[in-house]
Amino acid sequence: MQNAAQIDVTVGERPTPGERFIITLQENSEMLGTLDHGRTFRIVSPSSAERDYQLKSSALTVVDFDGSLADGNEPRLVGLLTYTD
């Protein structure tokens, strides 16, 4: 089943299709996705699906990341991450 979440990510750390990640809850209640090699992204508005996956600590797979709405001059991208479990 595919899910989607809005994420905020550094340009050089954007997720790629097929990459695996886990969702973790930080001390400041921020939800992060952790990719290969320690790269991270912030989930902007976590839904119940992201909260459920965080509790399970299960690995998820990136299907697509659409950062086309981002300004090319910014060091960070906000876009839609599509993923599956």
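Which residues do ring pairs link into a cluster?

Modeller: Ring pairs join Phe-21, Phe-41, Tyr-53 and Tyr-83 into a cluster. First, the ground rules. This is a predicted model, where local features need pLDDT of at least 70 and side-chain atom pairs count only at pLDDT 80 or more, while totals for chains, interfaces and linings use all residues. Residues are numbered from 1 along each chain as its sequence is written, and side-chain values use heavy atoms, without hydrogens and water.

Now the setting. The chain has 1 helix and 6 strands. Both are DSSP runs numbered from the N terminus: helices are H or I of at least four residues, strands E of at least two. From the N terminus on, the order is β-β-β-β-α-β-β.

Back to the rings. The whole structure holds 3 aromatic pairs. Rings of Phe, Tyr and Trp (its six-membered ring) pair if their centres lie within 6.5 Å; planes under 30 degrees apart are stacked, over 60 edge-to-face, and the rest tilted.

Take Phe-21 and Tyr-83. Their pair is edge-to-face, with 5.7 Å from centre to centre and 80 degrees between the planes. Phe-21 sits in strand β2 and Tyr-83 in strand β6, so this pair ties together parts 62 residues apart in sequence. Both Phe-21 and Tyr-83 are buried. Buried means under 20% relative accessible area, exposed over 50%, and partly exposed in between (1.4 Å probe, protein chains only).

Next, Tyr-53 and Tyr-83. Their ring centres are 6.0 Å apart and their planes stand at 75 degrees, so this pair is edge-to-face. Tyr-53 lies in helix α1 and Tyr-83 in strand β6, so the pair ties together parts 30 residues apart in sequence. Tyr-53 and Tyr-83 are both buried.

Helix α1 deserves a look of its own. It covers residues 48-56, and its buried residues are Glu-50, Tyr-53 and Gln-54. Seen down the axis, these fall within an arc of 105 degrees, so they line one face of the helix. That arc is taken from the directions that run from the helix axis to the C-beta atoms. On the other side, Ser-48, Leu-55 and Lys-56 are exposed. The buried residues of α1 pack against β1, β2, β3, β4, β5 and β6. Contact here means heavy atoms within 4.5 Å. After α1 comes Ser-57, with a positive phi near 55 degrees.

In soluble globular proteins, nonpolar side chains tend to be buried together. Here the largest nonpolar core has 16 residues, and Phe-21, Phe-41 and Tyr-83 are among those with the most contacts inside it. β1, β2, β4, β5 and β6 each give two or more residues to this core. A nonpolar core is a set of buried Ala, Val, Leu, Ile, Met, Phe, Trp, Tyr and Cys residues joined through side-chain atoms within 4.5 Å.

One neighbour is worth a stop. Thr-61 is found in strand β5. Thr-61 is buried, at 17% relative accessible area. Leaving out residues up to four places away in sequence, Thr-61 touches several residues, including Phe-21 and Tyr-83.

Finally, step back to the chain. Buried residues make up 35% of its 85 residues. Among contacts between residues at least 6 apart in sequence, 60% join residues at least 24 apart.
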